[in-house]
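Work through the exercises below with the structure open. Try each task before you read its solution.

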Amino acid sequence: MLAPTESAIRASFVNTTQGEAKRLAVPNDLDLRPWDDLDFLGWRDAAAPQRAYLVTETDHGLVGVALRVAPQQTGRVRRSMCSLCLTTHTGDGVSLMTARKAGPEGRQGNSVGAYICSDLACSLYLRGRKHAGPRIHETLTLAEKVERTRSHVTAFLGKITE
């Protein structure tokens, strides 16, 4: 992924108002991100942990979505799998994240959800730059895993923008 500017990130959001996009917390470490290893930019809002954001490059330019993170259930240890990168995590490593749909459907309150790595670091888990514990052995190449993750992200975004 190419490093986007803060203004490009703010302009990319499809499921927020312009005012919401202007006020959202964009990471201040954009210049330090490992852009060559990222398939999308994802982050949690440090001031509001129930908010998360995902921005990626598409054939139509940058597309960003605001996400709401569901509260974690406490008291039981479980293993969960991210629906984007298929990384398995224990505990709270995967969260249900919902996005208000774009356009009229979103204004009516319709949303789409997916189980996603809680830290939105799917690209780094795929490339072994971050570890979530033992990985399920796959015979796919890294390029195939990256393409699968990108297609899952595209499909998720498609549900939001359709």
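**Exercise 1. Find how β3 and β6 are joined, and in which direction they run.**

Step 1. Look at β3 and β6: two bridges join them. Step 2. Compare their directions: β3 and β6 run antiparallel. Step 3. Pick Val-69 and look across to β6: its bridge partner there is Met-97. This is a predicted model.

**Exercise 2. Give the strand order of the open sheet and name its edge strands.**

Step 1. Five strands form the sheet, and the order is β1-β2-β3-β6-β7. Step 2. The pairing is antiparallel. Step 3. Check which strands pair on one side only: these are β1 and β7, the edge strands. Step 4. On average, neighbouring strands are turned by 30° against each other, direction ignored.

**Exercise 3. Describe the largest nonpolar core.**

Step 1. The largest nonpolar core has 41 residues. Step 2. Leu-54, Leu-67, Leu-84, Ile-116 and Phe-156 have the most contacts inside it. Step 3. Ask which elements supply at least two residues each: they include β1, β2, β3, β6 and β7, along with the helices α4 and α5. Step 4.

**Exercise 4. Classify the aromatic pairs.**

Step 1. Recall the cut-offs: ring centres must lie within 6.5 Å, and planes over 60 degrees apart count as edge-to-face, under 30 as stacked, the rest as tilted. Step 2. By this rule there are two aromatic pairs. Step 3. Take Phe-13 and Tyr-53: the centres are 5.9 Å apart and the planes are at 90°, an edge-to-face pair. Step 4. Phe-13 sits in the loop between α1 and α2, and Tyr-53 in strand β2, so the pair ties together parts 40 residues apart in sequence. Step 5. Take Trp-43 and Tyr-53: 5.2 Å centre to centre and 35° between the planes make a tilted pair. Step 6. Trp-43 is in strand β1 and Tyr-53 in strand β2, 10 residues apart.

**Exercise 5. Are the rings of the cluster buried or exposed?**

Step 1. Phe-13, Trp-43 and Tyr-53 form one aromatic cluster. Step 2. Phe-13 and Tyr-53 are both buried. Step 3. Trp-43 is buried too.

Notes:
Residues are numbered from 1 along each chain as its sequence is written. This is a predicted model: local features need pLDDT of at least 70, side-chain atom pairs count only at pLDDT 80 or more; totals for chains, interfaces and linings use all residues. Side-chain values use heavy atoms; hydrogens and water are left out. Rings of Phe, Tyr and Trp (its six-membered ring) pair if their centres lie within 6.5 Å; planes under 30 degrees apart count as stacked, over 60 as edge-to-face and the rest as tilted. Helices (H or I, at least four residues) and strands (E, at least two) are DSSP runs, numbered from the N terminus. Buried means under 20% relative accessible area, exposed over 50%, partly exposed in between (1.4 Å probe, protein chains only). A nonpolar core is a set of buried Ala, Val, Leu, Ile, Met, Phe, Trp, Tyr and Cys residues joined through side-chain atoms within 4.5 Å. Two strands pair if DSSP finds at least two bridges between them. Axes are lines fitted to C-alpha atoms, for helices over the stretch in contact, and angles run from 0 to 180 degrees between N-to-C directions.
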